[in-house]
Amino acid sequence: MRTIKFRGKDKVTREWFYGNLYAEDDRGRTHICTPERGCLRIAPDTVGQFTGITDEEGREVFEGDILEADYKYDIVTANGAVDPDNDCICYGVVEFDNDSLQWSLSVYKAESHIREYLKEEDCSHVPLCIFGHEYGYANPNVKVIGNRYDDPELLELLKDNQQ
C-alpha cells in the first residue's frame with residue numbers, strides 16, 4: 001500500500017511539518033495535521049506531496065524537491081556490442097505532470113542524452129520512472145540536493161549553467 005502524506009512550512013516559524021493535508025478551513029487557511037503536534041497552519045505555496053520514492057540515502061522525495069538524477073542507458077557500439085549503464089546526469093524539480101498523470105522531473109540542466117529525449121518528446125519533463133525507481137525502495141540513481149522553497153539560489157544556479 002502506498003503512503004500518502006504531505007509536507008508544508010509553518011507560516012510563522014518556517015519549520016517543515018509532515019502529515020495529512022487539511023486543505024482549507026472555513027477561513028481559507030491550509031493545515032498539515034500530525035499525530036504529535038495536531039493541525040498546524042502552513043503556507044499553501046509550500047505544500048508538496050510525497051512521491052512514494054526515496055533517494056539513494058533513503059530520504060523521502062517530495063514534490064518541490066531539487067534532484068540530481070542519473071539516467072543509466074545502454075549504447076550499442078559500432079561492432080554491435082552493448083555497453084551498459086552509461087551515465088547521463090540531470091538536475092531539476094519534482095513536479096506532478098498533469099498531462100501524463102505521473103511524477104516527473106522538470107529539467108533545469110541536463111547532459112546530451114536527456115536533452116535529446118526532451119527534444120523528441122517536445123517537453124521539459126522527464127518521468128521519474130525512467131531513473132529506475134521501484135516503489136518502496138531507495139533509488140540509487142536519485143539524490144535530493146535541496147528544494148525550491150529553501151534553496152531558490154540553487155535553482156537559479158542550475159538555470160544559469162544549463163548545458
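**The positive patch in its setting**

Modeller: The protein chain has 2 helices and 11 strands, both taken as DSSP runs numbered from the N terminus (helices: H or I, at least four residues; strands: E, at least two). This is a predicted model, in which local features need pLDDT of at least 70 and side-chain atom pairs count only at pLDDT 80 or more, while totals for chains, interfaces and linings use all residues. Residues are numbered from 1 along each chain as its sequence is written, and side-chain values use heavy atoms, with hydrogens and water left out.

From the N terminus on, the order of elements is β-β-β-β-β-β-β-β-β-α-β-β-α. The C-alpha trace spans about 65 × 35 × 30 Å along its principal axes.

The patch brings together Lys11, Arg14, Arg27 and Arg41. Patch members have over 30% relative accessible area and no salt bridge, like charges being joined within 9 Å; a salt bridge is a side-chain nitrogen of Lys or Arg within 4 Å of a carboxyl oxygen of Asp or Glu. Lys and Arg count as positive and Asp and Glu as negative, without His and the chain ends, and each charge is placed at NZ of Lys, CZ of Arg, CG of Asp or CD of Glu.

One of these residues, Lys11, lies in the loop between β1 (6-9) and β2 (16-22). Its relative accessible area of 41% makes Lys11 partly exposed, a class between buried (under 20%) and exposed (over 50%), with a 1.4 Å probe and protein chains only.

For the chain as a whole, buried residues make up 42% of the 163 residues. The mean positions of its 18 positive and 33 negative charges are 8 Å apart.

Terms used: Patch = residues over 30% accessible without salt bridge, like charges linked within 9 Å, V, L, I, M, F, W, Y side chains within 5 Å. Areas by Shrake-Rupley, 256 points an atom, 1.4 Å probe, with all protein chains shown as cover.
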